Every structure is written in C-alpha cells, then in structure tokens.
Amino acid sequence: MTPRARKFTERANAAPSPEGQLMKIGIIGAGNIGGNLTRRLTALGHEVSVANSRGPQTLSALAEETGATPVTVAEAAKGAQVVVVTIPLKRVPELPKGFLDGAADGLAVIDTGNYYPKERDGRIDAIEDGLTESRWTEQHIGHPVIKAFNGTYAQDLLERPRPQGDPERIALPVAGDDAAAKQLVRELVDELGFDTVDAGGIDDSWRQQPATPVYGLRGSVAEVTEALAAAPKERPAAHSF
C-alpha cells in the first residue's frame, strides 16, 4: 500500500468490508469520482480494476499510486462483485456490448451518472420525456443499477469520511430496485465512511437528480431524508434541453 493510500485508510477509520469480505470491484471511468473511488477502495483493501475510454496505458499513474489494475472497459467487470459506471451520460451507449459478461453472480452495478443536456450530453429524448437518468442507463447496459454518488463532491470521498456515530458524518441517498444489490452498495458506502438513506427504486431516483434539494447536500440522515421528500417532480428548466 502506498503512503497516500494508507493515509486515506486512516482518515476513513471505517468498519470492515461487508461481512468482513474484501471484494473485486471494477470502475469504469477515471475522472474525479472514479479516480477517488479507486483511491479509497484500494486503500480499504479491495481488489480494484479501473478502465477509461482512452485505454489502460493512460492509467499508469493512478495504478502506481493506488495499486489498482488498469484494464480495458471490456475487462473491467471480469469476476467483479461490484461495477461502478462513472462516465458522462452521453457515453453510456458507447459501452461495449456484453461488458458485464463474466462478472460474479449477484453483481451490483453502481451508476453515478447525471444528465447535463446543455453543458455536456445534448438532448436525450427519453429523459426529457420523463424517464429517470438511471433507468435510461439501465436500459442501455442491460442490467439493474443502483444510483449512488451522483450528487457527491469528489473531494468529499477523500476528506469527509467519518466513523459510524460521528455527528459530522454525512449521508448519501441510494436508489435501486434490487434489494440485495442495494444493501451491498449501502454497506460499501458505510465502509467508505458515510451514512446512507434508502431513496426508493430507480423510478424514484429523480429525487436525487441535479438541481434537486438533495443534490450536493452535505447533510445528516434526517436532512437527506427531508430533502428527498421535498424534491419537485418537474425537471428544472436549467437541466432540460
């Protein structure tokens, strides 16, 4: 473990992995969220493979820093119990067909994505017509997803982990239809040093999309729960095409 990775582990002061097990985790996308999840999860001892659209040769610095294995997108899910998809929404249809083949049974797929039509993604008709962002992603990849980390500041993954019971521990909303996968993700988030709030199913995940009260909120379980309940159903004009 590198000195920097050891520092992340000490800062998190987190509980053991779910049921005491270390997991094989694939991360697709090495931007701010993907990179910092790679740092934290390797520091906690998980076996992490990381991929991006430019190829594993571009990930040598992150691999050297963390001990993660750089791979192609097609290889990221091999044997994985958890796969994190953390790429721009418009790139989701470009993921290789069958990229989740070879994953472990009971795979949990975490979707961190957000729809930014004006700034990045362009118009996506199905989302404009009311489909939640994560349901759209789910339909493209052919596997249920758990929506998490989409409103989390990337730097908070490094700087704001707290042990259970700490009054400064912040909570993250987690939405999904697969109860077992959702529980696994919630346990992983807890291990990372954050509380969670069950935000309902994927059809309810509009409550945590951009410009909602919970998006970017650094709040307690009670505050996150209240923010989810206060979310307006209408998509804000700033986040429509």
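**Note on the cavities, pockets and selected residues of a predicted model**

1. Strand β7 (residues 171–176) contributes three residues to the lining of the largest cavity, which is the largest share of that lining. Helices (H or I, at least four residues) and strands (E, at least two) are DSSP runs, numbered from the N terminus. A cavity is a set of points on a 1 Å grid over the protein atoms alone where a 1.4 Å probe fits but cannot get out, whereas a pocket is an open set with protein on both sides within 12 Å along at least five of seven lines, and lining residues have an atom within 4 Å of a point.

2. The model is a predicted one, in which local features need pLDDT of at least 70 and side-chain atom pairs count only at pLDDT 80 or more, although totals for chains, interfaces and linings use all residues. Residues are numbered from 1 along each chain as its sequence is written, and side-chain values use heavy atoms, with hydrogens and water left out.

3. Searching the whole structure gives two cavities of 30 Å³ or more, and the largest cavity holds about 130 Å³ of space. This largest cavity is lined by 18 residues, and those closest to its centre are Gly151, Thr152, Leu172, Pro173 and Leu217. By class, the lining of the largest cavity divides into eleven nonpolar, five polar and two charged residues. Here Ala, Val, Leu, Ile, Met, Phe, Trp, Tyr, Cys and Pro count as nonpolar, Asp, Glu, Lys and Arg as charged, and the others, Gly among them, as polar.

4. The largest pocket has a volume of about 700 Å³, a volume being the space filled by probe spheres set on grid points that are joined across faces, edges and corners. Its lining is made of 32 residues, and Gly29, Thr86, Ile87, Pro88 and Arg120 are the ones that lie nearest the centre of the pocket. Helix α2 (residues 32–43) supplies three residues, the largest share of the lining of the largest pocket, and the whole lining divides into 14 nonpolar, 14 polar and four charged residues.

5. The volume of the second largest pocket is about 220 Å³. Among the 16 residues that line the second largest pocket, Trp206, Gln209, Lys233, Glu234 and Arg235 are closest to its centre. Its lining has six nonpolar, five polar and five charged residues.

6. Taken as a whole, the protein has nine helices and eight strands. Its radius of gyration, 17 Å, is close to the 18 Å that the globule rule gives for 241 residues, so the protein is as compact as a globular protein of that length; the radius is taken over C-alpha atoms, and the rule is 2.2 Å times the number of residues to the power 0.38. Along its principal axes, the C-alpha trace spans about 45 × 45 × 30 Å.

7. Of the 241 residues of the protein, 52% count as buried, where buried means under 20% relative accessible area, exposed over 50%, and partly exposed in between (1.4 Å probe, protein chains only). How many residues of helix α6 (residues 133–141) are buried? Seven of its nine residues are, so α6 is largely enclosed by the rest of the structure. These buried residues are Glu133, Ser134, Arg135, Trp136, Thr137, Glu138 and Ile141, and they pack against β5 (108–111), α5 (125–128) and β6 (146–147). Just after α6, Gly142 takes a positive phi of about 75 degrees.

8. Most residues other than glycine have a negative phi, and it is worth looking at two residues with this in mind. Phe149 is not a glycine, yet it has a positive phi of about 70 degrees; Phe149 is in the loop between β6 and α7 (156–159) and counts as buried at 4% relative accessibility. Ala211 also has a positive phi, near 75 degrees, but Ala211 is in the loop between β8 (195–198) and α9 and counts as partly exposed at 42% relative accessibility.

9. Ala43, in helix α2, counts as buried at 3% relative accessibility. Although Ala43 and Ala211 are 168 residues apart in sequence, their C-alpha atoms are 32 Å apart in space.

10. Pro232 is in the segment after α9 (221–229), and it is partly exposed, with a relative accessible area of 40%. Leaving aside residues up to four places away in sequence, Pro232 touches Trp206 and Pro213, a contact meaning heavy atoms within 4.5 Å. The C-alpha atoms of Pro232 and Asn52 are separated by 34 Å, and the two residues are 180 residues apart along the chain.
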